[in-house]
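This report describes two parts of the structure shown below.

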Amino acid sequence: MREFGYERVHDVPGAVALLGAEPDARPLGGGTNLVDLMKSGVERPGLLVDVRELPLDHIEPTPDGGLRIGATVTNSDLAAHPEVRRRYPALAQAVLAGASGQLRNMATVGGNLLQRTRCGYFTDLSKPCNKRTPGSGCSAVEGEHHNHAILGATEHCVAVHPSDMGVALAAFDAVVTYETVAGPGELPIAEFYLPVGDTPHLETALPPGALITGITLPPTPFATVSRYRKVRERASYAFAIGSIAAAVDVEDGVVREARIAFGAVASRPWRARAAERALTGGPVSADAFAAAADAELAAARPLPHNGYKVTLLRNLLVAVLTELTEEAAR
């Protein structure tokens, strides 16, 4: 591990000043991803800026009926908050599915957003990886890739984003707020994560030296009937091999609006907009749900060993939408 400096900060301006002055600085929340990557030699920051004591640990309603979630709120507190559970249950379910209680107690909302998109080759310093060393190649394309991307990937990287929380945030059109030395800014979650392209080492659209201060969830009344479903290879905590966050607004047997996002299929949480368009104005039926899934997954480009994900995601979408519409009808 590279020798590094450490500074604990108590206010946002102080944190932003340190992050803006040192190009190799990283904010440190719970450290559940960053410290692991430092131990393996993948991340080599020159300075850690400990942000855990910043006054960003609150969840509060917004004037328009949404929710504002501070960046240092722990995953445990996020999942347990009564307004999150009531207004956006899929978000609470996603956080609970993401990690053990010990990790949720440490991990923060801001850190979850910034965890690296990665696979085993990313953390294996003996193997080429374009995310770790740009231009070196992607070992997974010809190697072990059964849990890798089927949507939005390129030959430069086929790793999938590991966040469960991010999938629910994508479905609900969350907005990420941040501070820099130049002032505040915000990014819709759809723009926060960059596409792979030929620069997979660039993962977010945050400006250099930016500090995430929170997430805003816009009002989505029908999100009170929402669900997150995760499929993994073992019963204990593990990354998803496929997941879905969904909410649907139904009136008189017709879908008025749907929100759907997939996880473990791309380098970022994947908003299923083609499926949403196919559902809107259509009937509530298993056939319609399957057709919507097919519309989204028509763009899938699976590798030799992960084609099963197409069927998995199709079945997940049909099952979850069927459950949600039946629940709404009751």
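Two strands pair if DSSP finds at least two bridges between them. Strands (E, at least two residues) and helices (H or I, at least four) are DSSP runs, numbered from the N terminus. The model is predicted, so local features need pLDDT of at least 70 and side-chain atom pairs count only at pLDDT 80 or more, while totals for chains, interfaces and linings use all residues. Residues are numbered from 1 along each chain as its sequence is written, and side-chain values use heavy atoms, leaving out hydrogens and water.

**The sheet**

An open sheet is formed by 3 strands in the order 1-3-2, with parallel pairing.

| Strand | Residues |
|---|---|
| Strand 1 | 5–8 |
| Strand 2 | 25–28 |
| Strand 3 | 47–50 |

Strands 1 and 2 stand at the edges with a single partner strand each, so one side of each has no neighbour in the sheet. On average, neighbouring strands are turned by 25° against each other, direction ignored. Strand 2 is joined to strand 3 by 4 bridges; Ala25 has Leu47 in strand 3 as its bridge partner.

**The helix pair**

Helix 11 (residues 286–297) packs with helix 12 (residues 308–329) at an angle of about 140°, their axes 9 Å apart. Helix 11 is therefore oblique to helix 12. Axes are lines fitted to C-alpha atoms, for helices over the stretch in contact, and angles run from 0 to 180 degrees between N-to-C directions.

In the contact (heavy atoms within 4.5 Å), residues of helix 11 including Phe289 and Leu297 meet residues of helix 12, among them Leu313 and Leu317.

Technical notes. Angles under 35 degrees count as roughly parallel, over 145 as roughly antiparallel, 65 to 115 as roughly perpendicular and the rest as oblique.
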